[in-house]
Amino acid sequence: MERLRHSDIKYLKGVGPARAELLKKELGISSYYDLLYHFPTHYIDRSKIYTISSLEGDVAMVQVKGRFISMATQGEGAKTRLVALFTDGTGLMEVVWFQRVKAIRQAYHIGEEYILFGKPSIFNGRWSMAHPEIDTLESARAREGLRGVYPLTERLRARGITSRQIGAWVQSILPLLPQRLIDPLPPEILSSYRLMGLADALREVHNPQSTATLEKARLRLKFEELFYLQLNILRYTRQRSQQVEGLPFPRIGHFFNTFYQQCLPFPLTEAQKRVIREIRADMGSGRQMNRLLQGDVGSGKTLVALMCMLIALDNGYQACLMAPTEILAHQHYDTLCELLAPIGINVKLLTGSTTAKARRLIHEQLEDGSLHILIGTHAVIEDKVKWARLGLVIIDEQHRFGVAQRAQLWKKNATPPHVLVMTATPIPRTLAMTVYGDLDVSVIDELPPGRRPVKTLLRYEERRMDVYRGVGQQLRQGRQVYIVYPLIKESEKSDLKSLEEGYELIRDTFRDYRVAYVHGKMRQDEKDFQMSLFVKGEAQILVSTTVIEVGVNVPNATIMVIENAERFGLSQLHQLRGRVGRGAAQSYCILMSKVKLARETRQRLEVMTSTTDGFIVAEADLKMRGPGDLEGTLQSGMPIDLKIANLAHDGQVVELARQAASHVLDLDPSLSLPAHQAAAREMHLLFDKTVDWSKIS
Ligand code: ADP
Ligand code: MG
């Protein structure tokens with residue numbers, strides 16, 4: 001194996017320096033070993049031939065068998081393409097090549113029988129296939145049975161590298177696998193989980209003998225990858241709980257009690273009480289708290305955060321609340337100032353736009369300890385900010401803060417502060433165990449009383465006027481309305497244009513009302529001003545991009561209209577929907593779409609119309625889009641790219657791997673027994689170069 005790791009891919013026959021460069025850049029493959037671990041994403045049964053007339057809708061890769069009846073070069077220069085017509089007697093298929101036109105034209109002939117393998121799509125009302133793999137009947141015979149389809153990128157395809165080519169390279173490496181390969185998984189794990197040996201598994205995924213053996217091979221490889229991940233997380237967590245001391249917060253005192261008895265604006269929900277108890281016990285335990293607080297949008301996390309900060313204050317420490325945006329930081333600041341006014345606590349706000357003078361005062365007061373609570377954005381973790389006694393850090397809506405930023409906080413004190421990360425993005429169990437496997441979890445699973453679930457509707461363009469009538473009705477009842485436009489990249493001109501047009505249209509339609517307008521390109525003070533108009537109720541309508549996505553709290557708002565809803569991810573839609581339904585009145589979320597939606601997209605949006613449960617939405621999001629896509633939510637948290645396991649679908653394997661890793665660590669906490677050294681080594685190879693876990697909270 002060592003040799004494979006150190007064999008540069010450029011020396012493999014048929015690769016060479018130029019393609020090696022490309023493979024490295026596009027797929028991260030630089031050694032023989034990497035290529036061996038480049039697994040097929042799916043498999044095609046090559047004994048199955050489709051007829052063109054039987055193709056339907058969204059098909060994956062298929063094989064069709066027939067003849068070319070014409071072939072012609074079209075276009076000129078860089079736009080030259082080869083267009084052929086292919087028939088199998090049941091229908092016609094257009095076949096197109098944009099590259100290597102001459103070579104293709106010479107290699108294949110009209111009238112001869114071929115098998116084409118590719119992804120058909122409908123183009124101009126006719127089936128069409130671009131850059132298929134082509135076999136003669138003879139060459140196809142050599143390749144029956146299951147065949148892996150290797151992931152590629154557009155650039156690789158453009159350079160003529162096919163899945164088949166990758167497959168051939170892999171085949172030439174497989175014989176180099178040592179006869180007696182040492183299996184890095186500990187023998188006791190291999191036998192108690194009945195896992196296939198490594199060498200067999202590697203041969204099998206690239207050369208499946210049957211569906212059943214392929215499944216066993218994939219299971220083994222998934223298990224292994226998740227096993228190292230869990231081993232790493234658990235080892236780190238165990239070490240930390242032994243080595244890192246926490247600030248002891250034994251007391252509940254003046255601040256907490258006074259607030260609880262005199263200032264609480266409403267009774268806490270049972271879930272809020274339970275979570276505060278959990279956090280309090282954790283901070284009182286003498287260990288450092290590292291806790292994730294999950295609670296659906298509107299479940300009242302802010303109040304919990306506030307009360308936890310009071311516990312820190314009661315024990316003579318300072319506390320800090322970080323928000324992902326200025327708007328949110330401002331809002332938290334206002335809320336806290338209002339709630340804490342009667343108790344005389346010094347609360348300050350620090351953001352990018354805080355003036356130098358105010359900043360100086362904050363720095364001073366933090367260092368002399370007279371500032372109790374600091375609220376802010378990233379600005380609070382700058383190096384200049386020094387604390388006398390920082391005891392608790394709360395990170396709101398953590399997904400905007402990367403792992404590295406969490407790590408920053410650590411450096412502030414000799415004894416690290418307690419850390420509470422709050423999120424409204426429900427994290428499915430599998431992910432929680434992997435990405436946040438080092439955190440303890442508290443869940444607020446109850447909304448404050450009197451809330452009515454938001455009604456969610458999907459509406460196409462032709463019913464826009466109906467939607468506006470609904471909006472008008474709510475406005476007449478004194479309610480407020482959000483209208484959100486997608487602006488995926490703040491630089492995209494067409495998005496900005498549709499936002500501006502939308503704003504004009506809304507202003508024209510609702511002339512009796514004031515419309516606030518916010519987007520990411522505005523100056524901060526302008527944004528804040530517009531936002532505050534809406535928050536104070538001086539503007540009844542807010543037209544904006546997703547800058548309002550997280551945390552904004554205007555209980556009087558009852559309609560959330562989301563334009564081009566199909567362009568948002570489910571979790572994002574759920575976040576947006578959470579901006580309404582915060583008061584007692586019935587609220588609505590209208591998902592607008594201009595276009596007729598493809599089935600998949602419609603099904604995705606139907607998840608929203610059928611449930612308001614954030615966990616169901618998150619699970620569905622994970623299943624449909626895969627963990628890497630969760631809008632960067634978790635990407636930043638994922639320490640490595642998984643090569644074969646899929647967190648959305650392999651929940652059970654995650655559990656097994658965690659169980660196994662935990663078992664191994666029970667026996668051998670330092671992983672020093674001979675049977676565990678190979679696994680420990682693999683784990684180090686995987687992780688030590690990527691993330692320094694010892695610095696992460
Ligand atoms: P989130 O969990 O989304 O951050 P917030 O903390 O913004 O939720 O709270 C949402 C709304 O619910 C706020 O208006 C808040 O004042 C209100 N709220 C919080 N806790 C309670 C409670 N126990 N009873 C009634 N309303 C509450
Ligand atoms: Mg919040």
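Trainee: What puts the charged end of arginine 5 over the ring of tyrosine 33?

Mentor: The rule asks for NZ of Lys or CZ of Arg within 6 Å of the ring centre and within 35 degrees of the ring normal. The charged end of arginine 5 is 4.2 Å from the centre of the tyrosine 33 ring, so the distance passes the 6 Å limit. Lysine 48 also has its charged end over a ring, that of tyrosine 50, at 5.0 Å from the centre. Residues are numbered from 1 along each chain as its sequence is written, and chains are lettered from A and ligands numbered from 1 in the order in which they are written. The model is predicted, with local features needing pLDDT of at least 70, side-chain atom pairs counting only at pLDDT 80 or more, and totals for chains, interfaces and linings using all residues; side-chain values use heavy atoms, without hydrogens and water.

Trainee: How many aromatic pairs are there?

Mentor: Rings of Phe, Tyr and Trp (its six-membered ring) pair if their centres lie within 6.5 Å. That rule gives 14 aromatic pairs.

Trainee: Why is the pair of phenylalanine 68 and tryptophan 97 called tilted?

Mentor: Planes under 30 degrees apart count as stacked, over 60 as edge-to-face and the rest as tilted. The centres of these two rings are 6.1 Å apart and the planes stand at 55 degrees, so the pair is tilted. Phenylalanine 68 belongs to strand 2 (residues 62-74) and tryptophan 97 to strand 4 (residues 92-97), so the pair ties together parts 29 residues apart in sequence. Strands (E, at least two residues) and helices (H or I, at least four) are DSSP runs, numbered from the N terminus.

Trainee: What makes phenylalanine 68 buried?

Mentor: Buried means under 20% relative accessible area, exposed over 50%, and partly exposed in between (1.4 Å probe, protein chains only). Phenylalanine 68 has 1%, so the residue is buried. Tryptophan 97 is also buried, at 1%.

Trainee: How are the rings of phenylalanine 68 and tyrosine 114 placed?

Mentor: Their centres are 5.8 Å apart and their planes at 50 degrees, so this pair is tilted. Tyrosine 114 lies in strand 5 (residues 113-118), 46 residues from phenylalanine 68. Phe68, Phe86, Trp97, Tyr108 and Tyr114 form one aromatic cluster.

Trainee: Is lysine 384 buried or exposed?

Mentor: Its relative accessible area is 53%, so lysine 384 is exposed. This residue lies in the loop between strand 13 (373-376) and strand 14 (390-396).

Trainee: And which class does histidine 206 fall in?

Mentor: Histidine 206 is at 4%, so it counts as buried. It is found in helix 9 (residues 198-206).

Trainee: With which side chain does the side chain of histidine 206 make a polar contact?

Mentor: A polar contact is a pair of N or O atoms within 3.5 Å; within protein, one must be able to donate a hydrogen and the other to accept it, and residues adjacent in sequence count only if both atoms are side-chain atoms. The partner is the side chain of tyrosine 150, at 2.8 Å.

Trainee: How far is an oxygen atom of ligand 1 from the side chain of lysine 301?

Mentor: The distance to an N or O atom there is 2.7 Å, so it lies within the 3.5 Å limit. For the side chain of arginine 451 the distance is also 2.7 Å.
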